[in-house]
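Thanks for making time, everyone. Let me put the model up, and then I'll walk you through the parts I picked out.

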Amino acid sequence: MSDATIEVYENEARRFPPPEAFAAGALVSDRSLYEEAEADYEAFWARQARELLTWNQDFDTTLVWDLPFAQWFVGGKLNVSENCLDRHVAAGRADKVAYHWEGEPGDTRTITYGQLLSDVEKFANVLKGFGLAAGDRVAIYLPMIPELPVAMLACTRIGVAHSVIFGGFSPTSIVDRCDDAEAKLIITADAGWRRGAPSGLKSAVDTALADGAPTVEHVIVVNRCDTDPTMVDGRDHWWHDLMAGADDHCPPVPLDSEQLLYLLYTSGTTAKPKGIMHTTGGYLTQVAFTHKYVFDLRPDTDVYWCAADIGWVTGHSYIVYGPLANGATSVMYEGTPDTPRETERHGDRSAWTKDRLWDIIERYGVTQLYTAPTAIRTFMKWGVQWPDGHDLSSLRVLGTVGEPINPEAWMWYHEHIGGRSCPIVDTWWQTETGSHMISPLPGVTTTIPGTATTPVPGVFAEVVDQQGNTVDVGGGYLTITRPWPAMLRGIWGDPQRYFETYWSEYPGRYFAGDGARVDEEGNIWILGRTDDVMNVSGHRISTSEIESALVDHAAVAEAAVVGANDEVTGQAIIGYVILIGGFDDSPELREEIRQHVATKLGPIARPKAVNVTPDLPKTRSGKIMRRLLRQIAQGEEIGDTTTLADPSVVDALRASAE
Ligand code: WT7
């Protein structure tokens, strides 16, 4: 990120103190939580753990910290599904709605806490029937349907760790993740609805299992779209058949606070995704805490909507675990924002209305909306003003996550969606942090477009320079200085990589991989990744993952990938490839190479463009100069090229990008 960009951010910045009326009614309207946490952060988190959660056995030690390994609430025992379901039902809230679910075609299901508990108990018994027990891992590859939280919670009920694989990922990704985690079972669906048509999932699982993932013994299939998938005798089982025969009583198993809750794979600087490990007590404490205070939750009256996919950490923490732990009512939606209900589709796709989001907000009376900047920029592009005449006045708090939000998009969100009366919480966090880390608190924090402001109570962040010295005002690298309850406990099967990736760059500190700037008032402005990781529509994809997929194509000898700025998606993937002798450049070949990446990794990884070049810009030591490729992709002035082994390569690259 250039200095010019930083200046633009700050010049455009306007401040929004919490509206008076809002501050007066907010859950917190003073700095007491911050003060308490600053005075004794362990005692602060211990209080949150005991107040927000129900423990089967109280913990005796709040934190054991042996860098880089943390244990929170040691000696404590609890069960996540019991905290998310049983205790609400026991308190007389069996009929309270947990999810207003809406399928993409417009079919709906209202799921109460009582029904959710009953389904979770049954499905936990189904899992037990397959011999699964505490310590095992299962993979979940489902669309955004109620069976997805049911499957996750059923795992937590008996101590099985889940590994949710995003429905947009490919068979290769399924194999890699199942192999790494040695998953014994996969839960999937025939298909999910996507942009007006069923999008197959079971077929991807079949391809994956034909090729590999030998540890997987059984597949459970939800019938979502009636697409009649092939069922392998003895291996594949229908969800509805198993549930029909399952007992609906399954007591929750009290589990150690540090029991593995789930694995979630995320991209890093190498081609191999990392299995991020999250455990039980600390994770649930911090997601419940942040879900309550960052969204100013009033569980009795709010209808909260996080419009992410459960395949990412945002959905794990803020569609499933945080909201359910807090007994909230949520909206859960299967499809894309530009797909109207089936009854409202007229003519061809291009004529379809694009007001699905506003329609959902209005019909359910949504009070909190949590989404990504890329979605907001898409709405701006559609030219929506006060959204199509829908009444959005039920909204109280707006949230954003996944990438830096440009002040223009922030202002648009504030005016057109929020009607100028909703605080916007810009939440910075990561798959690894498990939970919000830097965010305003509505009612307390003055918000400024473009900054996530300051760490939430109990979290401690600092920006440092290259040598690791604290930067009080200015730019540098974002680090976290103390352990936090929802922090990753490691990378599955690779403790060394865990230490090296996060704890070795700046001794004693967690390094997030993001560049950041602190202003005079201590607000943190996240500037984006500083490593070879791209952020496409709020999701991390590593350059090397895509490079491996590119060179896997029969015509590609060498490849380099960069993220170029993109108005809607934040960054767009641009590939540069050298062809193997005998292959000729053509639009068809480039298209085939793009498709090859999508097939290997999934559609989100498809490069926006693949340019064929005779050579790549390398230093004399053989390192690819990505900065140069990025500048070319963005049509920018090219900086210093004196370290290039062959400076003439620049002209060839320019020609290929045109
Ligand atoms: C990376 C983490 C956390 C859920 C979604 C992404 C970027 C995240 C913000 C924000 C600026 C942000 C960072 C971070 N990021 N939130 N509010 N402002 N950048 O999770 O895939 O683990 O990616 O997303 O670069 O490191 P993830």
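So, the shell around the ligand: helix 12 (313-325), strand 20 (424-427) and strand 25 (524-529) each supply at least two of its residues. When I say helix or strand, I mean DSSP runs numbered from the N terminus: H or I with at least four residues for helices, E with at least two for strands. Before I go on, the housekeeping: this is a predicted model, where local features need pLDDT of at least 70 and side-chain atom pairs count only at pLDDT 80 or more, while totals for chains, interfaces and linings use all residues. Numbering starts from 1 along each chain as its sequence is written, and side-chain values use heavy atoms, with hydrogens and water left out.

Back to the ligand. It is surrounded by 18 residues, and the closest are Asp426, Thr427, Thr431, Asp514 and Arg540; a residue gets in if one of its heavy atoms lies within 4 Å. By class, the shell splits into six nonpolar, seven polar and five charged residues. For the classes, Ala, Val, Leu, Ile, Met, Phe, Trp, Tyr, Cys and Pro are nonpolar, Asp, Glu, Lys and Arg are charged, and the others, Gly among them, are polar.

From the side chains, a polar atom of Gln430 sits 2.9 Å from a ligand oxygen, and one of Arg529 is 2.8 Å from a ligand oxygen. And how much of the ligand does the protein bury? On its own the ligand exposes 550 Å², and 97% of that is buried by the protein; those areas are Shrake-Rupley with a 1.4 Å probe.

Strand 25 also turns up in a sheet. That's an open one of four strands, ordered 21-22-24-25, with antiparallel pairing. Pairing here needs at least two DSSP bridges between the strands. Strand 21 (461-464) and strand 25 are the edges, with a single partner strand each, so one side of each has no neighbour in the sheet. The twist from one strand to the next averages 45°. Inside that sheet, strand 22 (residues 474-480) and strand 24 (residues 510-518) pair antiparallel over six bridges, and Tyr477 stands opposite Gly515 of strand 24.

Contact means heavy atoms within 4.5 Å, and angles run from 0 to 180 degrees between the N-to-C directions of axes fitted to C-alpha atoms, for helices over the stretch in contact.

Now a helix pair. Helix 8 (residues 171-181) packs on helix 18 (residues 587-601) at about 35°, with the axes 5 Å apart. Pro171, Thr172 and Ser173 make the contact from helix 8, and Thr599, Lys600 and Leu601 from helix 18.

Last stop, the hairpin. Strand 1 (residues 61-66) and strand 2 (residues 69-74) pair antiparallel over five bridges, joined through two residues, and Leu63 stands opposite Trp72 of strand 2. What is the peptide bond from Leu67 to Pro68, cis or trans? It's cis, with omega near 5°, and Pro68 is in the loop between the two strands. Then there's Phe73, in strand 2, with a phi near 60°, which is positive in a residue other than glycine. For context, most residues other than glycine have a negative phi, and most peptide bonds are trans.

How values were computed:
A polar contact is a pair of N or O atoms within 3.5 Å; within protein, one must be able to donate a hydrogen and the other to accept it, and residues adjacent in sequence count only if both atoms are side-chain atoms.
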